[in-house]
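Please read the following explanation with the sequence and the coordinates at hand. It moves from the whole chain to particular elements.

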Amino acid sequence: MKKFLSFIAAIVVLVATAATPAQSQEAGPSAAPTSTVDVHGLAPIGSTKTILFDPQKATAGYLAKVSGAARARSDAYFEGGYVLLFVDAGYAIAVSALLLFSKLSARIRNFAQGRTRSRFLQVPIYVALYLALTTLITLPLTIYEGFFRERTYGLMNQTFLSWFGDQAILFGLTLVAGVVVLPLIYTAIRRARRNWWLWGTAIATAFTAVLIVIAPVFIAPLFNTYSSLPASPLKTDILSLARANGIPADNVYLVNASRQSDRISANVSGFLGTTRVALNDNLLSKGTHDEVLAVLGHEMGHYVLDHAFRLLLLNAIVFLAAFAFVNRGFGVLTDFFGGNWDVRTIDDPAGLPVLAALATIFALLATPVNNTITRTTEIQADMFGINAARKPDAFATAVLKLSNYRKLDPGSWEETIFYDHPSGHTRIWEAMRWKAEHLNDPDIKDGPVSPR
């Protein structure tokens with residue numbers, strides 16, 4: 001694998017210029033002029049009338065707009081996710097244990113071996129049956145979390161059949177990915193042997209890069225309809241904001257996300273000619289003109305700051321740690337239980353449930369790391385968007401509209417561990433802190449008044 005390092009050197013040159021008026025030619029003697037001279041102190045450069053503004057009070061004022069039952073419901077929904085994080089992990093490990101100790105995994109391997117003598121082709125056969133079986137076993141939990149729980153909290157607009165149709169599409173995509181990627185990883189295991197986990201990291205990273213490129217154009221439209229946003233002052237302003245920040249977009253797409261839920265969202269995604277600026281119809285219907293621009297300013301930040309590449313590199317490091325953990329853990333577990341499972345070596349497809357269980361454990365332990373990676377990326381996009389769109393109050397009110405499924409004001413450790421986006425408190429504080437430093441700018445001075 002090659003490692004690429006790029007160094008950017010920024011050179012700032014300060015040029016001070018001084019100009020003195022040319023002196024007039026000497027003239028003959030004349031009487032000295034007399035006049036009354038007013039002497040008074042000059043105001044400091046750039047000073048204007050002081051505007052009283054406390055960003056902390058403004059933040060508290062915005063947060064207070066969501067209270068009572070609405071705040072309690074938001075907190076309960078989000079905090080329930082903490083419990084489900086452990087429930088999902090425990091359920092996945094239990095499914096792996098069931099397949100191993102019942103030797104069902106070994107029987108699936110034997111079935112694959114009976115269909116072909118090719119070790120490469122045995123893997124996709126095993127993987128297809130494994131994914132179908134595990135999806136069926138976990139279906140009750142998936143239905144509860146994905147449909148009934150969402151409906152209980154008022155976040156689901158679909159009928160069960162419509163939701164199930166989306167799940168079927170998702171399963172199809174997972175199946176295709178599994179039968180393509182896992183045979184490559186098992187090939188790396190057989191050929192690279194002790195260093196297979198390095199090749200596994202490369203394969204997983206390359207697959208992630210491919211997803212980044214194809215997802216906006218080929219995957220997202222499988223779930224929603226993308227149509228051109230009708231001509232309007234809003235579309236003009238969105239494209240102007242995109243052009244001003246070097247984003248190669250000549251259209252804005254509208255996504256019919258309301259068929260699934262009432263959540264507001266937007267994105268600027270893609271790479272190598274697949275870039276798309278899109279907002280969902282919930283944001284269009286629920287957001288003001290300035291709120292839409294504030295949200296899209298954030299999304300444009302992801303593109304301009306090369307966050308796709310940043311996340312790819314950081315995720316590659318996480319992948320490396322994960323594959324190393326799985327490689328080490330497989331040997332430890334099979335030393336104890338391999339005979340009971342009829343799992344021979346790490347290149348045996350019947351050991352896939354072992355790999356899956358170890359990956360689940362790693363993902364659970366790495367939750368704070370993964371969340372911090374994405375959360376800090378989102379904070380960078382927040383700051384870019386606030387500077388680009390220059391609508392701090394609109395950004396704050398847009399954040400409040402996310403509160404139906406995101407807890408607004410967590411503790412610091414809670415946010416560090418469980419939040420993959422900044423909390424509402426953090427994001428509104430960012431906007432109000434920025435506003436405090438730009439109070440005398442004409443557009444900010446003439447803009448909305450924050451809570452005081």
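The model is a predicted one, in which local features need pLDDT of at least 70 and side-chain atom pairs count only at pLDDT 80 or more, while totals for chains, interfaces and linings use all residues. Residues are numbered from 1 along each chain as its sequence is written, and side-chain values use heavy atoms, with hydrogens and water left out.

The protein has 16 helices and 4 strands, these being DSSP runs numbered from the N terminus (helices are H or I with at least four residues, strands are E with at least two). Of its 452 residues, 39% are buried, where buried means under 20% relative accessible area, exposed over 50% and partly exposed in between, with a 1.4 Å probe and protein chains only. Among contacts between residues at least 6 apart in sequence, 77% join residues at least 24 apart, a contact being heavy atoms within 4.5 Å.

Two packed helices are described by the angle between their axes and the distance between the axes. Here axes are lines fitted to C-alpha atoms, for helices over the stretch in contact, and angles run from 0 to 180 degrees between N-to-C directions. For helix α2 (residues 68-101) and helix α4 (residues 119-152), the axes come within 11 Å and cross at roughly 165°, and α2 and α4 are therefore roughly antiparallel to each other. That word applies to angles over 145 degrees, whereas those under 35 count as roughly parallel, 65 to 115 as roughly perpendicular and the rest as oblique.

On the α5 side the contact involves L173, A177, V181, L184, I185, A188, I189 and A192, and on the α6 side W196, W199, I203, F207 and I219. This contact of α5 with α6 has 13 nonpolar, no polar and no charged residues.

The 4 strands form an open sheet in the order β1-β2-β4-β3, with mixed pairing, and two strands pair if DSSP finds at least two bridges between them. β1 (226-228) and β3 stand at the edges with a single partner strand each, so one side of each is left without a neighbour in the sheet. Strand β3 (residues 266-269) is joined by 4 bridges to strand β4 (residues 276-280), and the two run antiparallel. Within this pair, V268 stands opposite V277 and A266 has L279 as its bridge partner. In a regular strand the side chains alternate between the two faces of the sheet. In β3, A266 and V268 lie on a covered face, while N267 and S269 lie on an uncovered one.

Finally, A294 lies in helix α9 (residues 289-304) and is buried, with a relative accessible area of 3%. Leaving aside neighbours within four places in sequence, A294 is in contact with A389, K391, A394 and F395. Of these, A394 is 100 residues from A294 in sequence and 6.3 Å away in space, C-alpha to C-alpha.

Notes:
Nonpolar A, V, L, I, M, F, W, Y, C, P; charged D, E, K, R; others polar.
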